[in-house]
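Please look through the sequence and the structure below before reading on.

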Amino acid sequence: MPAANQQLSPFDINRWFPSEFNRGPNWLIWIGLLASFTAVFIKLWTPTSINRIPEALYTLPFFYALAVNFAWLKRDRIIQLFGLAIVLPIVFYGINYLRDPILAAEYESLDKLVKLFFFVPIAWWLGGNRRTLLIFLAIAFMGLLVALPVNSDLQEQWSRIQRSIRVDYGIMNAQHVAQFFGIALIGFLALGAYSWHIEKKNRKVILFSLTAIGALLAAFIVLTTQTRAAVLALLVCTAIAAITVGVRLVRERRHWHYKAGFAAMIVLALVIALPFSTVITKRLQAEQPTINAIMEGDWANIPASNLGVRVNTALAAFDWIVERPLIGWGGDVNGPVIETSDRLTDSIKNNFGHFHNTAIEFTLAYGLLGLALLLALYITLAKNAYEMTRTNTATAPIGLFTLYTLVFMAIINQFESFLFFYSGVFANSVAFAPIYSIMLAKRLTQHKK
């Protein structure tokens, strides 16, 4: 180790991206970290054949680091869940193969669960350093912005916006765009809220201004997608934040900037809700026959509306879930369930390949055990995020970002199977790598005691 006052070599990764723990050989860290930055920057605007290369470059070296540091990593809850995400689908496939080898092979897909842990190797290379974590999030957001003009004609998109037509910016569909920018909005608000703790006035003003601009841009794009689930999720997050700040105002008599923050949250809620109220009202009126059928328990005559399709596909999945509730059928069972259902019309069968609900998808594919593993992951992250917001101001923005992102994702995943698409894997990687990187640094400190 160099002396405290000795400048590190320009080629030493720790000069530019220091770490709270030993990540491995210098050359390996360069590969892992640069691959992580590259992966989140290009994921949304390059072909799969290209963007999977950096994913492999940050994932494969991590297993070397995992083997070398297994003595302390094996006690980490996320690493344990990561291991289960690799093993359980294989075990479930084996059991299903013994039942029916033809169906097991047809429905087999072993990677959908483990892909949700792609944030683990990224977290390792980030090293728990707050500056590196912010650089990582900034690069991810810049990649998201680059994807807008690359994947679509912005002039055409603007024309559609002016005519109040829903836009998707050429990235999968509007719901997935709303997911990305909803998470970005939460990140900007979390960082902006804590910019007031910065002592140097110039830095405080610059950071707050940048986060305010980013938040307004993200909110605008979410609104243009006209995605009801994302708007609902953001309003719930805003309500929770407003109540939390309100309680602190009463109990702790905080200074004026907390009151300003409270007012800003209320204004944000109105900015998001008011322009969207007409669209929501029209869509709810269109769903009234479906709502009436549900309220009356007339499950055999659910209309083929937007909501009705979701209800009918959920009912179709339920029959299969009951047959294999614990371990499911396999990751590629969605198509056969929809194709063989008597509830769904030919039009729906030809145009829908999933169930618009992550909980249903995971229970159908990997059973209640697979769903429990997923919930254990998010509960673990939520507990650590909550502690960060209470005990450490330095890491509080990351904790705040993680907590509200978990709330946001919990809601939107009830209306779309995000976690079964690459978009959900990407969102997981960006949202949870920063907090887990901090958790790894804390774990090593506990190990050394």
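T224 has its place in helix α11, which covers residues 201–225; helices here (H or I, at least four residues) and strands (E, at least two) are DSSP runs, numbered from the N terminus. The model is a predicted one, in which local features need pLDDT of at least 70 and side-chain atom pairs count only at pLDDT 80 or more, while totals for chains, interfaces and linings use all residues. Residues are numbered from 1 along each chain as its sequence is written, and side-chain values use heavy atoms, with hydrogens and water left out.

- T224 is buried, with a relative accessible area of 7%, where buried means under 20% relative accessible area, exposed over 50%, and partly exposed in between (1.4 Å probe, protein chains only).
- Leaving aside neighbours within four places in sequence, T224 is in contact (heavy atoms within 4.5 Å) with I161, I165, R166, V167 and Y169.
- The C-alpha atoms of T224 and D168 are separated by 8.3 Å, although these residues are 56 residues apart along the chain.
- A212 also lies in helix α11, but A212 is partly exposed, with a relative accessible area of 30%.
- Between the C-alpha atoms of A212 and G192, which are 20 residues apart along the chain, the separation is 7.0 Å.

**Loop residues with positive phi**

- Most residues other than glycine have a negative phi.
- Q226, in the loop between α11 and α12 (228–252), has a positive phi near 50° and counts as buried at 13% relative accessibility.
- H356, in the loop between α17 (346–351) and α18 (358–391), is not a glycine either, yet has a positive phi of about 55°, and H356 counts as buried at 6% relative accessibility.

**Nonpolar cores**

- A nonpolar core is a set of buried Ala, Val, Leu, Ile, Met, Phe, Trp, Tyr and Cys residues joined through side-chain atoms within 4.5 Å.
- The largest such core has 110 residues, of which F181 and F408 touch the most other members, and helix α20 (residues 422–448) gives the largest share of this core, 14 residues.
- Apart from this core lies another, of 15 residues, among them I321, L344, I348 and I360.
- Leaving aside its neighbours within four places in sequence, F408 is in contact with residues including A178, G182, I186, A233 and C237.

**Packing of two helices**

- Helix α3 (residues 48–68) and helix α7 (residues 119–126) pack at an angle of about 70°, with their axes 9 Å apart; axes are lines fitted to C-alpha atoms, for helices over the stretch in contact, and angles run from 0 to 180 degrees between N-to-C directions.
- That makes α3 roughly perpendicular to α7, since angles of 65 to 115 degrees count as roughly perpendicular, under 35 as roughly parallel, over 145 as roughly antiparallel and the rest as oblique.
- The contact is made by Y58, T59, P61, F62 and A65 of α3 together with V120, P121, I122, W124 and W125 of α7.

**The whole chain and its confidence**

- The chain has 20 helices and zero strands, and buried residues make up 49% of its 449 residues.
- The average pLDDT, the predictor's confidence in each residue from 0 to 100, is 86 for the chain, and 85% of the residues score at least 70.
- Over residues 1–5, pLDDT stays under 50.
- Where pLDDT is low, the predicted coordinates should not be read in detail.
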